Amino acid sequence: MTMVAVLPGDGIGPEVTRAAVRLLQAVRPDVECSEAIVGGAALERGLAPFPAQARELCDSADAILFGSVGLPQYDGKPLAERPEYALFALRRDYELYANLRPVRVLPGLEHASSLKPELVCGLDLLVVRELTGGIYFGEPKEQRTVDGVEEAVDTMVYRAPEIERIARVAFESACGRRRKVTSVDKQNILETSRLWRRIVNAVAPDYPDVQVEHLLVDNAAMQLVRRPAEFDVIVTENMFGDILSDEAAILTGSIGTLPSASLGTRTVANGRFGLYEPIGGTAPDIAGKDVANPTAAMLSAALLLRYSLSDEPNAARIERAVERAYADGVRTVEISQDSASALTTREFTDAVAGRL
Ligand code: IPM
Ligand code: MG
């Protein structure tokens with residue numbers, strides 16, 4: 001029996017995840033969806049951010065459908081006592097090193113972008129973000145007092161095999177796309193970036209049909225708003241990927257439309273174990289109001305079907321239903337032209353479900 005661990009988390013996580021589960025169950029009634037609390041939702045009940053019960057569920061699951069985590073009242077706490085720790089633990093403990101963030105403009109949303117429509121026309125890129133290394137995980141990582149002065153340190157460290165495996169994910173992804181990889185680093189300053197660029201160049205000859213370019217991260221941030229449609233696959237380290245993927249996402253008009261897949265080395269019955277989540281976060285200002293855009297969560301469910309269940313037909317079915325809804329003018333409030341015709345999260349979900 002195929003089982004999906006559903007971890008709705010905080011903020012808009014529960015409402016958008018509910019929408020995604022509904023579509024998943026509509027196309028695959030045989031898949032069991034079991035829920036557990038993580039993040040702030042767990043902390044509020046006196047549990048750890050990634051409680052044992054959630055871990056057990058994930059251990060026996062084929063894939064994880066994740067909402068989002070984070071609550072402002074925990075901002076002052078150490079990482080292990082903050083909601084975000086759930087994501088850290090999941091990424092680290094299941095070694096989900098490859099974060100795939102496809103960025104495409106949905107039909108009819110060309111005018112929702114903050115860029116001119118002609119710049120985003122044809123935008124179709126994939127951010128391949130390294131997810132288990134770099135400054136997010138390097139040690140030491142602490143706040144301390146030295147000679148009576150407070151200081152803090154984070155460590156950016158990469159080992160060559162970590163770079164090589166994510167580079168291969170990027171090159172292999174490019175082979176099924178427009179055959180272009182842009183590797184982003186800061187090699188004029190960072191040693192990790194010098195190693196990064198060397199390893200990417202060493203891997204490149206194994207993919208002779210793929211064109212490689214290197215950009216410094218500051219320049220990459222600029223090119224993303226100058227000529228976004230020219231990018232195919234962008235591969236970069238953990239923190240640069242975090243920042244650039246938000247920038248890339250908003251080019252599409254709404255960060256609420258972008259899904260992600262985080263894949264590791266573990267295989268399951270029908271594919272690769274993975275975690276699937278919207279990239280947009282908890283959006284606490286609109287949480288619980290039934291106005292959040294569930295598109296990213298829905299498209300994350302499609303990625304789950306594609307990568308962890310090897311069910312391409314149903315992945316495509318969800319993607320087509322979402323596209324048809326957009327083409328028909330179905331909108332949640334943040335991208336609606338007039339708020340009077342905007343649909344609630346539930347209504348939007350009905351509209352997509354009806355187009356499956
Ligand atoms: C993301 C998020 C996370 C990250 C946060 C919530 C820890 O911003 O997945 O992009 O920085 O990786
Ligand atoms: Mg982020």
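Which residues are around ligand 1? I noted first that this is a predicted model. Then I listed the residues around the ligand: Arg91, Arg101, Arg129, Tyr136 and Asp242.

**Entry: polar atoms at the ligand**

I went through the side chains one by one. For Tyr136, I found a polar side-chain atom 2.5 Å from an oxygen atom of ligand 1. Arg129 also has a polar side-chain atom by a ligand oxygen, at 2.8 Å. With Arg101, the distance from a side-chain N or O atom to an oxygen of ligand 1 is 2.9 Å. I then looked up the cover: ligand 1 on its own has 320 Å² of accessible area, and the protein covers 76% of that.

**Entry: where the ligand sits**

I checked the pockets next, and ligand 1 turned out to sit in the largest pocket.

**Entry: Gln223**

I turned to Gln223, which I found in helix H8, a helix that runs over residues 217-226. Is Gln223 buried or exposed? I wrote down buried, because its relative accessibility is 7% and the cut-off for buried is under 20%.

What does the side chain of Gln223 make a polar contact with? I traced that contact to the side chain of Arg226, at 3.0 Å. Setting aside neighbours within four places in sequence, I also noted that Gln223 is in contact with Leu215, Pro228 and Phe231.

How values were computed. Residues numbered from 1 in each chain as written. Chains lettered and ligands numbered in written order. Predicted model: local features only at pLDDT ≥ 70, side-chain atom pairs only at ≥ 80, totals over all residues. Heavy atoms only, no water. Helix = DSSP H or I, 4+ residues; strand = E, 2+ residues; numbered from the N terminus. Buried < 20%, exposed > 50% of the residue type's maximum accessible area, 1.4 Å probe, protein only. Polar contact = N/O pair within 3.5 Å; in protein donor to acceptor, adjacent residues only side chain to side chain. Contact = heavy atoms within 4.5 Å. Near = heavy atom within 4 Å. Areas by Shrake-Rupley, 256 points an atom, 1.4 Å probe, with all protein chains shown as cover. 1 Å grid on protein atoms, 1.4 Å probe; cavity = no way out; pocket = protein on both sides within 12 Å on 5 of 7 lines; lining within 4 Å. Sits in = over half its atoms within 2 Å of the grid points.
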